[in-house]
Amino acid sequence: MVNSHSDEPSEADQASSESSAAANGLGAKSKAESASPSSWSTEPSAESPVESRIEEELCRLKRALRALSACNQALAQARSEQELLDQICDIIVRLGGYRMAGILYAEADEEKTVRPMAQAGHDNGYLEAIQIKWSDTPAGRGPAGTAIRENRICVITDTATDPQFASWREGALKRGFAAVIALPLRVAGSPFGVLGIYSGQRGSFESSEVELLSEIANSLAYGITAIRSQEERRRATAALQGAEVKYRQLVEQVPAISYLADAGALGAFHYLSPQAQAMLGYRPQDCTSNPFFWWEHLNPEDRPIALTEDSWDEGRPFQLEYRMKRQDDREVWIRDEGMIFRDPETGKRMTRGVMIDITKQKQTEEALRQSQQRLQQVIRVSQIGIFDHDHLANTIYWSPEQRNIYGFGPDEVVTLQAYFHHVYPEDREAMAVAVRRAHDPASDGLFDVDHRIVRRDGDIRWLSTRSQTFFEDKGAARHPVRTIGAVWDITERKHSEQALREAEEKYREIFDHAVIGIFQSTPDGRYLSVNKAMARMYGHSSPQEMVAMVTDIERQEYVQPSRRQEFKHLLEEQGVVRDFTFEFHRMDGSLAWALVNARAVRDGQRTVIYYEGTQDDITERMRLEAQYQHAQKMEVVGRLAGGVAHDFNNLLGVIIGYSEHAAGRLGPTHPVTRSISQIKQAAERAASLTKQLLAFSRQQVIYPRMLDLNKVVGSSAEMLERLVGEDVKVTFKPGAQLGLIKADPGQIEQILMNLAVNARDAMARGGKIMIETANVELDKNYVQQHPLVLTGPYIMLTFADTGCGIDQETLPHIFEPFFTTKAPGKGTGLGLATVYGIVKQNNGYVWVYSERNEGAIFKIYLPRVGEVESSFEPGPEAESQGGSETILLVEDEAALREVTASLLETGGYKVLTAESAPAALVVAREYEGRIDLLLTDVIMPVMSGVELYDRLVKSRPATRLLYMSGYAGDQLSHYGQFDPRSEILQKPFTRKALLKKLRAVLGS
C-alpha cells in the first residue's frame, strides 16, 4: 500500500529505505550494473508466498504507526487549527506514505456542500477541482459525502471498478489514486468533517490499518475541538464560567480520560473525566476517593516507569505507556500524555493530561510480531529459498534455506557466476533468455521458470524459481534496481507428475466410481468431463448427458450467479479454491447446496485452460447447521433476557416495598392510599412480565414434582375454555397409560395458557383447539433429523389449532422474546418465548409445524420418568408473622436495602445493614449481640453471599441463612458452593412474602 506522493522519494522514504523497499520494491543500484545482461535475480510473482504479503502488511502498519505518533506530537504542539490540519495532512503523506491526504468540513448550508480545508500529497488541486457534497445526491454518494452523511468509515478499495466512485474516477486515476478511505471527524458522536486518504495501490486499507487510521482521525477530531475550545476561551475571557462548562463537555466526549493529579508516582487524582468508567470500569469518584488508586491498579512490572515521574521537568510534555487493571480484572494498555506544572495558588507540582486506551494497538503489534515469527518458522519448515539481489550495490542475499538447496556454505559469498555454474548445462540458455526478459526495462519484471541444477554433491534437482524485478525512472532512463524471489525444490513433484501421467489410465476407473463429484470445466462455463457421482448430484442420467446439456454453468446451475463470478475470481487470483459453497438447481427444479474444492490448470504461458476439482452435496449438513445456529442464538437471547429481568426485579422490589411501606403508614382511608395501591399493582404486573423473561431464560424459580400430564391438562381444560371464548372448541385426547414427567405444575399450566392465547388470536372467527398426550420414544432416526435432541423416552404434548397459520418467514422467529406480529399495544411478544424457556428449563424440546392458512401444531417433548406421582394441589396459605430476632441484611443496591430494612422493622425485627459482604463481616465483628439470621443477596461485588455466610458461620455458628436473588438456584451454582436446595427469597417480594419466608427459616 505504501505509495509516494511525488516522482522523487521523500526524506522519510530515504530514512526508512529498508521498510519502504520491502513494500515498494525500491532499491538502489547503478545504471551501469543494470545494463549488464548477467546482472539478474528473481522475485515472487502475483502469486508470491504468504510471507511477501505479511511483510507488505508489516510495512504499511509500521508507517501508519509512525504517522500516528507524529500526529499525536502535532496535536500537542499545534498553535492554530489550520496549522494542525496542514501538519496532519503532511504527516500522513510524508510518513504514512500515502498518495494524498485531505481534510474537508461539512457546511450546514442548503446545498450541503463539503469545503476542503487542507491537503497534501500528489496534485494538491484535486479536491478543489471536484464537486463534493454530503447530501443524498450523486455528488454526495462518494466516500467523503457518505462518511459524513452516514457517520461511518467508507472505504473504496478499487477506484477503477467501484460504482460508488464513478463520478470521480477519471480525475482520481489520472493522479494515481487507486484506493481511498474516508474517516468521519466527530464531535459528540456527530460528524463535522472528514479525513480523506488516497492510496496508490488497490486493495489497501485492511482492518488493522483502518484501526490505526481511525485513531488518527479520532485524535485529529479531538485536536480540532481542543484548539477551537482554546481559541474560544481566549476570545471569551469575560465568560470564563460558561467556557469551562463547554470545555468539560468536550473533554467528556472524546475517547480518552482527561485527568488532574498530584505529581509523583503516589500522587492522588483530583479529577477524572467520565470516560474512566468505560475505560477502567470505575466511576471517577471511585478513583478520586482513593489517594493511591493509580499506584494500586498499575501493573507491578510497570511501576519503575512511574517512579521516574518525580524527576521530570515542569512544562515539558511526556508520554508513557503502561498497563492498568480494570474493575473486572481485565488489563488495558494506557498511553498517558501529559505535562507537569506548578499550581500558582498552592505551589504544588501537579500533572495534567489524558489517558488513551491503546489495548487494540498493542494487540495488533503483538499479532504482527507473532505473524513475523510464524512466517520465519514457515519458511524454515517449508524449506523455501529466498533471495534478494541489489543491482546497484551488486550484492546478493541468499537465505539459509536457499543455500541449503544449492549446497552453499553459510559464509560462502554468492555471485552470479557461481550461481550459473550450478545451472544444469541444457537449461542455461533458456535461463539466460528468461533473465534478460525479466531485466528488460520494457518488461513487467516477472520471472517464473522451472529448471534443473547440479548440486555440489553431483545430485541433479528440479527447482521452480519465481521473482519480480523492480525498476526506477521512466522511458530511456528506466533501469532495474532490485530483484526479490523464491525457490522451491520441485524434484519430487516432477517425479510425481511423471508417475501420474503413467498412471492416468490406471486410475480412470476410480474417477468414474468415486462417491463424490469430480469435474473438469472451462472458464466460460462448459464441462469437459464429469464422473457419475457428479451427474447424479444434479439429476442427470449420465455424465455424457450433463456435459452435452450444460453450456453455461453460471446461468443454468448457480442460484446466485455472483457466486460463480467469485469462484472464478478466486481461481484466477489464487490458483486454488478450498471449501467453496454455493446453492444450485437440480434438474427437477429443487435446490441444493454444494461444497467445491478446485484448482486452475494453466498452460506454459500461465493462461488458465480449465478448472478441475471435486464437489460434494452438503444440503443435509447446511440444514443441520442452520438448526444449530438458531439454537445458539436463542441461548444468547435467553441469557440477555434473564440478565435484564434480574436487574429489573431489583427496581421492582424497591417500588413494591416502598408502596407497601407507604400504604401501611398512611392507612386505608388516606386519599393517597389508592394511588399508592395502583403503583404497587403496576409494579406487580411488571413483575409478572419479568417472570416470563426469567421463564424464557430458564432462570425462574420452580418447584418440580412427579406429574401425570393427563391430570394437569384435564384440570386446566375449564380454564382454557374460559380463556379462548365460546366460539373456540377445546378437545383433549389423553394418552393411554401415560408415563410421568418431573416438572412444576404451574409451569405446565403456563405453557397451556400461552399456547391457548396464541391460538385464540390466530382464530378471529372461531375454530378448534386439539390437545393430545402420548408416550413416545425418540430414536436415532429422529435425532438425525433434529440434531439437538437426545434419544430416550418422552411424553409428547401436542397442541394444534385451526387458525391462520404461520408463514415460513415468521416461523424461525416465533420463540424470540418481544417478537410479535400483532399490532402495537396488542401483545408483549413473550408468550411463545415463555413456552420455549419453560420447555428448555425442564430438559425438553419444542417444535412447531405450520403453513399460512393451514393452522399450527406445537409438539412438546418432556423427559419421561418412572417415579411415583406427587400431589400438586396447593395448600392453605399461612399468615405472615413478624418477630423480634436480629437480622443482618446485606444488599448492594442501596434503595432495595433501605426498603427491605424498613419492612423488617415494621415486622418487629432488629435490623443490621451492610452494603457489601466485607462490610457485613465488619458489622458482625463489631456487634456484640446475637445475630439470628443472615439475609443476603447471592451475587454481589468483591464477595458473593455464599462466601460471606461461609466466613460468618465460623464465628457465629448459630446464625441461620436466607438468600435473596432474582435468579433461580440452579443458575447460582457457580457462585461459591451454592446449594440449590438452600432457602431463597425470589425478587421482587412483598412484605407478606418476606415475613412469611423469614418466619419459616427462623422457625424450622
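Predicted model: local features only at pLDDT ≥ 70, side-chain atom pairs only at ≥ 80, totals over all residues.

Trainee: Which way do α5 and α9 cross, left-handed or right-handed?

Mentor: The crossing of α5 past α9 is right-handed. Residues are numbered from 1 along each chain as its sequence is written, and side-chain values use heavy atoms, with hydrogens and water left out.

Trainee: And what angle do α5 and α9 pack at?

Mentor: About 165°, with the axes of α5 (residues 81-94) and α9 (residues 207-235) 9 Å apart. The two helices are therefore roughly antiparallel. Angles over 145 degrees get that label, under 35 is roughly parallel, 65 to 115 roughly perpendicular, and the rest oblique. Axes are lines fitted to C-alpha atoms, for helices over the stretch in contact, and angles run from 0 to 180 degrees between N-to-C directions. Helices (H or I, at least four residues) and strands (E, at least two) are DSSP runs, numbered from the N terminus.

Trainee: Which residues of α5 meet α9?

Mentor: Glu81, Leu84, Leu85, Ile88 and Ile92. On the α9 side the partners include Ile216, Leu220, Gly223 and Arg228, with contact meaning heavy atoms within 4.5 Å. By class, that contact of α5 with α9 has eight nonpolar, one polar and three charged residues. Ala, Val, Leu, Ile, Met, Phe, Trp, Tyr, Cys and Pro count as nonpolar, Asp, Glu, Lys and Arg as charged, and the others, Gly among them, as polar.

Trainee: OK, what about α27 and α28, how do their axes cross?

Mentor: At roughly 40°, with the axes of α27 (residues 709-724) and α28 (residues 745-762) coming within 10 Å. That crossing is right-handed. The contact of α27 with α28 divides into 13 nonpolar, one polar and two charged residues.

Trainee: Switching to sheets. What's the strand order in the open sheet of five strands?

Mentor: β7-β6-β10-β9-β8, with antiparallel pairing. β7 (269-272) and β8 (317-325) are the edge strands, each pairing on one side only. Two strands pair if DSSP finds at least two bridges between them.

Trainee: How many bridges join β8 to β9?

Mentor: Nine, and β9 covers residues 331-342. Methionine 324 stands opposite valine 332 in β9.

Trainee: Now β28: is it mostly covered or exposed?

Mentor: Mostly covered: five of the five residues in β28 (886-890) are buried, which means under 20% relative accessible area, with exposed over 50% and partly exposed in between (1.4 Å probe, protein chains only). Thr886, Leu888 and Val890 are on one side, Ile887 and Leu889 on the other. In a regular strand the side chains alternate between the two faces of the sheet.

Trainee: What does β28 pair with?

Mentor: β29 (residues 910-914), running parallel to β28 and joined by five bridges. Leucine 888 stands opposite leucine 912 there.

Trainee: Last one: where is proline 163?

Mentor: In the loop between β3 (154-156) and α8 (169-174). Proline 163 counts as exposed because its relative accessibility is 70%. Glycine 142 is 21 residues from proline 163 in sequence and 9.5 Å away in space, C-alpha to C-alpha.

Note on methods: Left-handed = near helix turned anticlockwise from the far one by under 90°.
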